[in-house]
Amino acid sequence: MIKSSTISKSKFIFVAAVMLWIKTYIVYKTSFDIKIENLMQEFILLINPLSFLLLFFGISFFMKPKKRNKFIIFASLLSSFVLFANVVFYRFFNDFLTLPVLFQTSNMGDLGTSITGNLKITDPLLFIDVVILILLNKYKPSFTIAEVITKKERRSYFILVAVIFFLNLGLAEAQRPQLLTRTFDREMLVKNIGTYNYQIYDIVLQSKSSAQRALADSSSFIDIENYLKANQKDPGENFGIAEGKNVVVISMESLQSFVINETIDGEEITPFLNEFIKESYYFDNFYHQTGQGKTSDSEFLLENSLYPLGRGAVFFTHASNEYTATPEIIKEHGYYSSVLHANNKTFWNRDIMYDSLGYDQFYDIESYEVTEENSIGWGLKDIDFFEQSIDLLKSQPQPYYSKFITLTNHFPFELEEEDKMVNEYTSNSRTLNRYFPTVRYMDESIKLFFDRLKEEGMYENTIFVLYGDHYGISENHNKAMAQFLGKEEITPFDSIQLQRVPLIIHIPGVTDVNPQVVSDVSGQIDLKPTILSLLGMDLKNDVHFGHDLFSKDRLPFTVLRDGSFITEKYVFTKNTCYDRTTGEETESSFCEPYMEKAGLELDYSDEIIYGDLLRFYNGTSYTEPIPEEFKE
Ligand code: GP9
Ligand code: MN
């Protein structure tokens with residue numbers, strides 16, 4: 001189909017494409033953890049960069065011969081940069097880049113330590129082919145294209161590109177039906193259509209989501225409303241048990257459940273929490289449901305009982321939406337609301353988002369005295385943070401709803417020697433090794449906080465909700481994690497179990513008398529209805545996907561942001577159904593009944609956010625007839 005003269009005329013393109021192609025495949029195999037189940041998947045992975053690269057470089061055929069080579073070098077540089085950005089991002093987040101995340105520039109400064117900490121000396125090698133192209137262009141003009149390309153040649157070139165593209169897509173769709181419509185799982189996308197096509201696809205999604213708001217109207221809410229109504233449950237027996245009390249929520253940075261009641265070199269990692277649990281309600285099968293927005297996603301879940309987005313951080317992408325968040329609701333019941341977090345107010349776009357959520361006050365870094373001595377890693381140490389927060393808390397009108405966000409137990413888990421109360425672990429993962437002393441430090445800071453609250457007489461009249469915001473140890477450290485857990489390897493099933501974070505609810509005078517370990521499957525989506533229910537606030541007209549965790553008839557079911565889900569008996573992840581008691585693979589038909597529900601939950605929640613549908617909610621009931629002005 002393609003004549004050899006065409007090939008020789010486009011030599012420079014082929015050299016550029018082949019180098020970048022090989023490089024991309026090497027990066028796939030060395031920098032990303034892409035699970036391959038069969039030979040066909042390996043083949044798809046191998047060919048997936050090709051169609052994009054040939055198409056991109058092919059644009060040069062429409063240019064004058066002189067400009068052509070420069071364009072190819074530019075295209076190669078740009079593609080290499082996209083690859084490089086993904087590699088660095090993946091090291092930290094174990095995930096692929098999406099446009100909204102890239103544009104979170106106000107986070108970039110603070111993320112600096114994480115990014116520079118993630119650069120490797122070998123990284124410049126990622127640009128070696130660009131250097132070769134520049135040299136070839138300069139010293140070996142015979143390699144570059146100076147001849148005119150005929151229309152016919154151009155046509156046959158693009159036909160070849162199209163054939164490769166559709167072959168790739170066809171094979172991928174056969175392996176993974178509905179690949180492009182269900183986009184919760186980025187690994188699946190990159191595996192099948194390649195990192196470059198994925199990046200283009202992401203741009204398409206971005207424009208689609210902007211259009212979605214413009215096109216939405218109140219009728220978009222009908223199906224969602226029916227779904228939510230059908231799933232509504234009566235509140236549990238603890239309804240109103242904490243009516244009128246202050247609420248202190250503590251978001252515990254990167255705390256996973258596997259450290260609870262565990263030791264390192266014979267020392268407890270979380271001695272305070274282990275004791276505290278014995279005087280509290282402790283939920284030991286509680287999952288984080290965050291996506292790329294990490295801490296901010298967990299806050300979003302907490303305040304709205306909506307799912308965060310599959311791509312980007314909703315705190316950035318939809319901060320100007322209308323919400324019916326907890327601070328807004330409890331305000332109507334006379335509560336004052338605040339967030340205490342010693343970081344820049346713009347991090348995760350918090351200052352803007354907190355306004356939308358209806359917070360009265362945000363005590364950011366400006367409210368704290370931060371010095372070199374009392375800082376480590378990301379900023380003010382947790383012990384100092386809590387100590388300095390006491391006066392702020394005291395100054396508030398009561399009853400209050402105040403959320404504390406800790407910081408010290410954050411990657412890269414830095415801590416001064418004198419603050420280390422347990423040993424580091426010994427494994428090939430520096431990250432996991434250093435995790436334990438910082439967890440131990442955070443545990444201590446919470447203990448001291450409670451001591452101070454008691455001293456100040458601020459404990460009795462308050463209820464406490466403590467939860468882990470998201471995982472701290474990513475799948476990049478599976479080998480070390482397996483060693484710590486005494487397992488041979490970390491299976492996808494284990495990975496899901498590692499997404500459990502502690503949830504502890506402490507009600508003085510109640511839980512210390514009658515503590516409980518609740519093992520029903522639950523998630524951060526359930527926090528809002530549970531808290532509101534404890535405070536005796538009616539949930540009937542509220543939009544929320546979670547449930548009061550004390551409801552008798554609540555279905556034990558939790559869906560994670562990548563579409564994995566957990567039921568009483570099964571875990572579904574990476575397209576495989578597992579038996580929850582044995583951790584062994586089981587027939588997919590067992591998981592099937594829940595698949596639709598998992599998809600619906602995420603889709604409906606996304607629709608609310610992308611369409612900004614809560615702007616059509618009239619504040620008392622979204623079940624009422626659609627107001628005239630919103631009708632088409
Ligand atoms: C930053 C803190 C950490 O203010 O909440 O954010 P994370 O990186 O965990 O999302
Ligand atoms: Mn966090």
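Biologist: Which helix gives the largest share of the lining of the largest pocket?

Modeller: Helix H2 does, with 7 residues. Helix H2 spans 11-31, and a helix here is a DSSP run of H or I with at least four residues, numbered from the N terminus, while a strand is a run of E with at least two. The model is predicted, so local features need pLDDT of at least 70 and side-chain atom pairs count only at pLDDT 80 or more, whereas totals for chains, interfaces and linings use all residues. Residues are numbered from 1 along each chain as its sequence is written, chains are lettered from A and ligands numbered from 1 in the order in which they are written, and side-chain values use heavy atoms, without hydrogens and water.

Biologist: Why is this space called a pocket and the others cavities?

Modeller: The analysis uses a 1 Å grid over the protein atoms alone; a cavity is a set of points where a 1.4 Å probe fits but cannot get out, whereas a pocket is an open set with protein on both sides within 12 Å along at least five of seven lines. The largest pocket holds about 1,000 Å³, a volume being the space filled by probe spheres set on grid points that are joined across faces, edges and corners.

Biologist: What makes a residue part of the lining of the largest pocket, and which lie nearest its centre?

Modeller: A lining residue has an atom within 4 Å of a point. In the largest pocket 36 residues qualify, with Thr 30, Ser 31, Arg 91, Asn 118 and Lys 120 nearest the centre. Besides H2, at least two residues each come from H5, H8 (128-139), H18 (430-455) and H19. Domain 1 (4-212) and domain 2 (221-621) each give at least three residues; these bounds come from an automatic or database domain assignment.

Biologist: How do you know where the largest cavity lies relative to the domains?

Modeller: Domain 1 and domain 2 both give residues to its lining, so the largest cavity lies between them.

Biologist: What is known of the second largest cavity?

Modeller: The second largest cavity holds about 270 Å³. Of its 27 lining residues, Phe 92, Glu 253, Lys 294, His 410 and His 470 lie nearest the centre. H5 and H13 (294-304) give two or more residues to this lining, and H5 gives the most, with 3 residues. The second largest cavity also lies between domain 1 and domain 2, because both contribute to its lining.

Biologist: Which residues surround ligand 1?

Modeller: Among them are Glu 253, Lys 294, Asn 343, Arg 350, Trp 378 and His 410. Each is near ligand 1 because one of its heavy atoms lies within 4 Å of the ligand.

Biologist: Which peptide bonds are cis?

Modeller: The bond from Gln 398 to Pro 399 is cis, with omega near -5°, and Pro 399 sits in the loop between H17 (382-394) and S10 (400-405). The bond from Phe 411 to Pro 412 is also cis, with omega near 5°, and Pro 412 belongs to the loop between S10 and H18.
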